[in-house]
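Subject: Structure handover

Hi,

My notes follow below it.

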Amino acid sequence: PRLKILRLLGANRSRVPADCTAKSMAASLKSLPFLTDKNNPIGYVIQGAVEFAHDSRRLVQRCTKPDAKEFKKIAVACAIGFAIMGFIGYTVKLVFIPINN
């Protein structure tokens with residue numbers, strides 16, 4: 001499938017290696033100048049997707065699973081936030097019931 005995509009994009013068979021790994025795919029994309037040019041609409045989309053994938057991969061690699069203490073802290077903070085927002089909503093509702101009647 002990758003080879004077909006590259007052929008559709010104008011790459012000839014001599015530029016596309018037989019194994020078609022990620023490195024070779026990136027090298028093939030760089031050999032097509034309109035895919036790396038952000039002024040070109042297709043290049044803009046391709047480069048945006050590449051940057052998004054790179055940033056997403058870096059984020060997932062840096063993320064760690066929280067330990068029990070950190071999880072409790074987050075859960076308590078969320079519960080307090082829910083309680084505060086509920087109290088504000090209830091207070092607003094109590095204020096506007098007599099105003100609307």
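The accessible surface of the protein chain is about 8,800 Å². Carbon and sulfur atoms hold 67% of that area. Areas come from the Shrake-Rupley method with a 1.4 Å probe, and for residues only the protein chains shown count as cover.

Some ground rules. This is a predicted model: local features need pLDDT of at least 70, side-chain atom pairs count only at pLDDT 80 or more, and totals for chains, interfaces and linings use all residues. Residues are numbered from 1 along each chain as its sequence is written, and side-chain values use heavy atoms, with hydrogens and water left out.

Fold. The protein chain has 5 helices and 0 strands. Along the sequence the pattern reads α-α-α-α-α. Helices (H or I, at least four residues) and strands (E, at least two) are DSSP runs, numbered from the N terminus.

Burial. The chain has 101 residues, and 11% of them count as buried. Buried is under 20% relative accessible area, exposed is over 50%, and partly exposed lies in between (1.4 Å probe, protein chains only).

Contacts. Take the contacts in the protein chain with a separation of 6 or more: residues 24 or more positions apart account for 5% of them. A contact means heavy atoms within 4.5 Å.

Nonpolar patch. Val76, Ile80, Ile84, Met85, Phe87, Ile88, Val92, Val95, Phe96 and Ile99 make a nonpolar surface patch of about 990 Å². Patch residues have over 30% relative accessible area and no salt bridge; like charges are joined within 9 Å, nonpolar side chains (Val, Leu, Ile, Met, Phe, Trp, Tyr) within 5 Å. One of the patch members, Ile84, sits in helix α5 (residues 68-100). Ile84 counts as partly exposed because its relative accessibility is 47%.

Salt bridge. The whole structure has 1. The criterion is a side-chain nitrogen of Lys or Arg within 4 Å of a carboxyl oxygen of Asp or Glu. Asp55 pairs with Arg58, and their closest N and O atoms are 3.1 Å apart. Both residues lie in helix α4 (residues 41-62), 3 residues apart, so about one helical turn separates them. Asp55 is partly exposed at 40% relative accessible area. Arg58 is partly exposed too, at 45%.

Phe34. Its place is helix α3 (residues 33-36). With a relative accessible area of 26%, Phe34 is partly exposed. Tyr44 is 10 residues from Phe34 along the chain, and their C-alpha atoms are 9.2 Å apart.

Best wishes
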